[in-house]
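The stops below go through one chain and then another.

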Amino acid sequence: MQIKVNDQVIEIFSGACVKDVLRKYSRIEWKLVKNDRKAVFDRHGHQVALDGELNGGEEFFIKNIELAKTEP
Amino acid sequence: MKQSMRTMIGARLFLLLLLAVFGLLSCASTPPAPADTRIVIFHSNDVHGKIDNYAKVAAIIDAERKSSANVFYFCAGDNFTGNPVIDQYVPPGEPVLELLNRLRLDLMCLGNHEFDYGLENLKNFAARARFPLVAANIEAPPGFFPQLQPSLLLKTKGGVRIAVFGLIQIEAGNGLPSTHPDKVKGLVFSEPLAKAREYKTLRAGNQVLIGLTHLGYEDDLRLAQQMPELDVIIGGHSHTRVDPAENINGVLVAQAGSDNRFLGRVELLVKDGRVVAKKGGLIYLGGPLNEDAEIKAMIARFNQNPAFARIIAEAPLEISGKDALGSLMTDAMRQVHGLDIAFQNEGGIRLKRLPQKITVKDIYTLDPFGNQVVEITMTPEEIRGLIASSFEKGDEIDLQVSGISYVVRTDSARQITEILLRDADGTPLAENKQLKVGMSSYVASAYDFAHQDPGRSLQSTTADALIRYLQGGIDLSMYRDIQRAFWQKTAEDPRS
């Protein structure tokens with residue numbers, strides 16, 4: 001299935017979750033997200049968890065946590 | 001006389017018939033609902049066995065129940081899979097059942113991971129649950145799964161009718177939920193958004209209409225667009241933190257992240273037989289909050305899962321070293337899932353040795369990451385690409401293997417000159433083959449290698465494969481002196 005990360009199309013196995021597609025997109029970005037320096041948001045601006053399950057055609061953006069922190 | 005008797009009886013029968021028809025009609029029509037009913041619905045989704053915050057959830061819901069008349073608690077699916085303490089319980093998932101019963105859950109939509117422990121286990125779960133399960137796009141043979149309903153009617157104490165239908169996601173490829181296909185045998189699944197259209201009729205006669213879904217946020221938005229008759233969609237599956245809940249096409253769409261880190265709260269105001277105000281948001285459960293002491297004690301008990309100490313296999317001696325442990329892990333993946341070849345990266349082998357008496361806990365220490373098994377159909381050339389990519393990460397053997405052996409040959413500059421693949425019997429691998437290759441989801445996503453087939457998750461973890469393999473009573477003496485991946489340096493290599 002195809003997932004977009006930061007406007008880049010990533011081909012990933014079916015049944016993948018958010019962390020899988022991040023690792024395939026960029027190992028550097030993946031590490032930043034894993035270490036809570038950045039976070040992943042869907043195209044509507046809602047934060048998604050790394051274990052979030054994917055359907056083909058979805059789109060995500062990686063943002064700096066300082067700029068997009070939503071957690072209380 | 002007889003004639004008048006007949007007339008009288010006829011008249012009485014007509015009157016009875018009229019009363020019966022009128023009575024039925026009045027039952028079918030909307031009963032007068034009380035004015036200004038406030039309804040609070042708490043909701044969780046994708047808890048995945050993370051039970052620790054349920055003591056806080058219980059305290060929040062109980063406090064609301066004490067102050068409000070109409071409080072409900074819904075779950076939008078995926079309570080199972082993701083915490084070995086819960087997954088390895090006997091029976092699997094038992095703590096979640098006991099906790100949800102104690103929390104007085106009102107309703108649960110099935111998620112794809114509810115099937116992970118097998119259908120029989122789910123049916124036992126449903127039989128003992130004090131709450132109904134809903135999913136409108138699942139069809140079961142009569143009597144096969146009696147606790148599963150397409151929709152349900154709840155009522156407030158004042159008589160406001162709340163109709164709820166459930167929907168579960170299916171994959172575009174096989175039309176099944178994201179679990180192993182063997183786990184849903186006997187059930188028929190239909191496309192959820194098409195099925196939802198059949199439930200528009202629930203709008204009539206009910207003051208509140210809710211979709212309790214396990215579809216993912218994007219499909220919840222599509223549902224809201226196609227079905228403005230809905231008042232609220234409470235969803236799950238994509239682990240999306242929707243805070244505050246969004247108003248889409250007049251439908252409030254809510255989802256509470258995952259892993260019990262948040263509790264969702266939707267509030268509705270019903271007036272003159274319809275919802276006139278609605279809002280939703282999330283309560284963060286990570287901070288200091290009141291906890292229900294009884295639930296806290298239950299959680300502490302569950303976390304001491306005695307199944308973790310269970311011995312699942314005994315080896316004639318310790319299994320030690322990356323070659324032996326990697327061979328064991330890849331054999332497990334290959335045998336359990338019927339693959340031709342399996343790979344395991346050495347970074348994913350987190351123990352130096354397994355003791356002779358191997359426990360469940362040892363397996364989760366050896367393989368703690370919860371990676372899924374991914375199957376990709378590959379040619380020998382693509383397999384060489386994977387091996388080359390792994391070798392070049394650190395100029396050393398990185399992938400342990402089952403089903404074949406391989407040799408990486410390098411020149412004096414440690415550039416790969418050749419990768420030889422051999423069958424299990426030592427003969428060179430035929431080049432025209434298409435092979436079912438298994439690997440962890442980490443290798444499938446983090447390693448850079450070309451492959452035509454995008455692959456598919458087998459919806460089962462590598463640790464689960466190892467437990468099942470060891471429980472099969474295999475002879476572990478073969479893992480004493482074993483090596484299947486070799487690096488052959490040229491004699492000119494100055495570091496050889």
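Select chain A and switch to a cartoon view: this predicted model gives chain A three helices and five strands. Trace chain A along its sequence and the order reads β-β-α-α-β-β-β-α.

Along the principal axes, they fill a box of roughly 35 × 25 × 20 Å. The radius of gyration of chain A is 11 Å, which agrees with a compact globule, because a globule of 72 residues would have a value near 11 Å. Of the 72 residues in chain A, 44% are buried. Among contacts in chain A with a separation of 6 or more, 47% join residues 24 or more positions apart.

Next, select chain B and colour by pLDDT. The mean for chain B is 92, and 92% of its residues reach 70 or more. Now pick residues 1–29 of chain B, where the pLDDT is below 50. Beyond near neighbours in sequence, this stretch has two contacts in the model.

Then make two selections in chain B: residues 31–303 are domain 1, and residues 310–489 are domain 2, by the domain assignment. Taken over C-alpha atoms, the centres of domain 1 and domain 2 of chain B are 39 Å apart. Where the two touch, domain 1 of chain B contributes six residues and domain 2 of chain B contributes six residues. What kinds of residue does domain 1 of chain B put on the side that touches domain 2 of chain B? That side has five polar residues, one nonpolar and no charged.

Last, show both chains together. For the complex, the predictor gives an ipTM of 0.91 and a pTM of 0.87.

Conventions:
Residues numbered from 1 in each chain as written. Chains lettered and ligands numbered in written order. Predicted model: local features only at pLDDT ≥ 70, side-chain atom pairs only at ≥ 80, totals over all residues. Domains from an automatic or database assignment. Contact = placed C-beta atoms within 7 Å. Nonpolar A, V, L, I, M, F, W, Y, C, P; charged D, E, K, R; others polar. pLDDT = per-residue confidence, 0-100. Helix = DSSP H or I, 4+ residues; strand = E, 2+ residues; numbered from the N terminus. Rg over C-alpha atoms; globule rule 2.2 N^0.38 Å. Buried ≥ 20, exposed ≤ 12 C-beta atoms within 10 Å, placed from the backbone.
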